[in-house]
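Open the structure in your viewer and keep the selection tool ready.

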Amino acid sequence: MTQTMQQLPWWKKCVFYQIYPRSFQDSDGDGIGDLRGILQRLDYLKALGIGAVWLCPVYDSPNTDGGYDIRDYEKIMADFGTMADFDALLAGLHVRGIRLVMDLVVNHTSDEHAWFVESRKSRSSPYRDYYLWRDGKAGKEPNNWASFFTPSAWSYDAPTKQWYLHLFSQKQPDLNWENPALRESVYGMINRWLDKGVDGFRMDVITLIAKNPALADGCGRPNENGYVMADEQFALQPALHAYLREMRQKCFAGRDCMCVGEGTFANEKTAPALVRDGQELDLLFQFDLMDIDGGRDKWDVVPFDLRRWKAIVAKWQKTLDWNTLFLSNHDQPRPVSRFGCTENETLRIRSAKLLACMMHLMRGTSFLYQGEELGMTNMPFAAEGALRDIESLELLKTAHTPAQREALWQAILKKGRDNARTPMQWNAEPNAGFTTGTPWIDVNPNSRTIHAAAESEDPDSVLNFYRKLIKLKTEMPVFCCGTFRLLDWGGGQGLAFCRENGTDKACVFCNVSSAPLPMPELYRHLSLLLGNVPDPQKDRLLPWEVRVLQ
Ligand code: ISL
């Protein structure tokens, strides 16, 4: 059956671009990216061809976790500017036909949020039940839950002699969604942002907002302190669906906006219900591919296995009618360092282009993360002092011996979130044109050669390749609406898939390896829409070659 693009909502037709504002563009020389800085770069975004921006949190925050610890939902973080700057940014995007989707963190707030400040004052505070307070058990935590960042998910608060839950850092207390008053406060805040004209939300760890009301002990494998990652107690709980439906009714119904949820722990059984009928979320990020090189946990780095990659994408393309497609985000290392080849410049460029096609030409909405379109790489951090991310800093605290510390350091170099957070590489000026001051986190030394100014001029750059790719994706119905079929080809070395829309057909062949790979006979006659080597040979693919055929 042929589908036309006219039938689709805007968020299925455009490519999203994720901005981590602290690292995008500084406009005032304080070393921190800001809203006015983004405003200076809107024409760059327009030329790239994206249709929507996902803006990481810009709300007032003590910045313990990169702004994912919100102190005031209705104020802009001073580092980033003012509400007037925000309004100017929103208008600047809209004038260019680009939508704006805000990051929204409603699983937790900062411990400096007025709600928590009140909540912790007394057991009878009207805000007490905005959070999850419990008595300890025999002088210890109320249960055995581990946090993502710290050993235990509970902290004791002396004034009222109770413990509060925080799935992330101690400064990120979890909100109590069972409390209708909390829910109404959240909906009011969401509606005020929507009334301002924002086009939707990326909902941080939204799958964690409902906890098992019993807050029972987790049954998984304890960490070395005896705490357990108890996701079966706090992820994808039954009440989640009711909360999302209520939020839809009270905030989104009747508005032309979209909602993409971070589906932490969502799997093929639990994901479909969240996006099935548009009554809960529109889109869902699931992380199977991002977990592909993790063993016991993400820090136990194992080589990436293409056969597994194929099994995962085949599974998800079947599980959901419409997926989110992404190679990275602000929590993930740089894709070209992780899944591509950085042995030399030729292969870095070639493999970055290959990864782009391998991911973004599948069926679903694409989300690019800033710098991906330049083929930015991981950062060769020189020493622990150069790290900024709370997750890595807390992780290092768990080392007991120098050998353990060294092993964690090596893992952080590969997987640490700061890899994604080094400044955007704009040009060959000092600090890559990101700031005239001292950047809050070091600029990658390869910015002298890898930057947007040079790539803009070079027809064979990763940037110009992304521009073409985005055009294909947003203008050719076969890439937007077509069905997806993975071909049984390439083993652990090659990946290929076909898209079909009525009689329209396109195929993508990827040689995900450093050795040549024969091109199957059957597909040699097709014409080349996009490729990443100068003279493609009919019968074989060069190392890291991709061919988009029609
Ligand atoms: O980064 C991760 C693993 O290293 C993820 O487990 C991440 O913590 C998880 O996906 C939730 O991420 C989101 O919420 C966090 C915040 O630190 C992340 O930046 C955000 O994307 C807490 O708000």
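**Stop one: the ligand**

Select Arg 202 and the ligand: a polar side-chain atom of Arg 202 lies 3.2 Å from an oxygen atom of the ligand. Keep in mind that this is a predicted model.

One of the polar atoms in the His 108 side chain is 3.0 Å from a ligand oxygen. Next, pick Asp 65. Here an N or O atom of the side chain sits 2.5 Å from an oxygen atom of the ligand.

Which residues come nearest to the ligand? Of the 16 residues around it, they are Asp 65, Glu 262, Lys 298, Asp 331 and Glu 391. Select these five together.

**Stop two: α13 and α14**

Select residues 390-397 for helix α13 and residues 402-415 for helix α14. Their axes are 9 Å apart, at an angle of about 165 degrees. Angles over 145 degrees count as roughly antiparallel, so α13 and α14 are roughly antiparallel to each other. The crossing is right-handed.

Show the side chains at the contact. From α13, pick Ser 392, Leu 395 and Leu 396; from α14, pick Arg 405, Leu 408, Trp 409 and Ile 412. Colour them by class: five are nonpolar, one is polar and one is charged.

**Stop three: α12 and α16**

Move on to helix α12, residues 345-360, and helix α16, residues 462-475. Are they parallel or antiparallel? The angle is about 15 degrees, with axes 10 Å apart. Therefore α12 and α16 are roughly parallel to each other. α12 passes α16 in a right-handed crossing.

Zoom in on the contact. α12 brings residues including Ile 349, Ala 352 and His 360, while α16 brings Phe 465, Tyr 466 and Leu 469, among others. Eight of the contact residues are nonpolar, one is polar and two are charged.

Technical notes
Residues numbered from 1 in each chain as written. Predicted model: local features only at pLDDT ≥ 70, side-chain atom pairs only at ≥ 80, totals over all residues. Heavy atoms only, no water. Axes fitted to C-alpha atoms, helices over the stretch in contact; angles between N-to-C directions. Helix = DSSP H or I, 4+ residues; strand = E, 2+ residues; numbered from the N terminus. Parallel < 35°, antiparallel > 145°, perpendicular 65-115°, else oblique. Left-handed = near helix turned anticlockwise from the far one by under 90°. Contact = heavy atoms within 4.5 Å. Nonpolar A, V, L, I, M, F, W, Y, C, P; charged D, E, K, R; others polar. Near = heavy atom within 4 Å. Polar contact = N/O pair within 3.5 Å; in protein donor to acceptor, adjacent residues only side chain to side chain.
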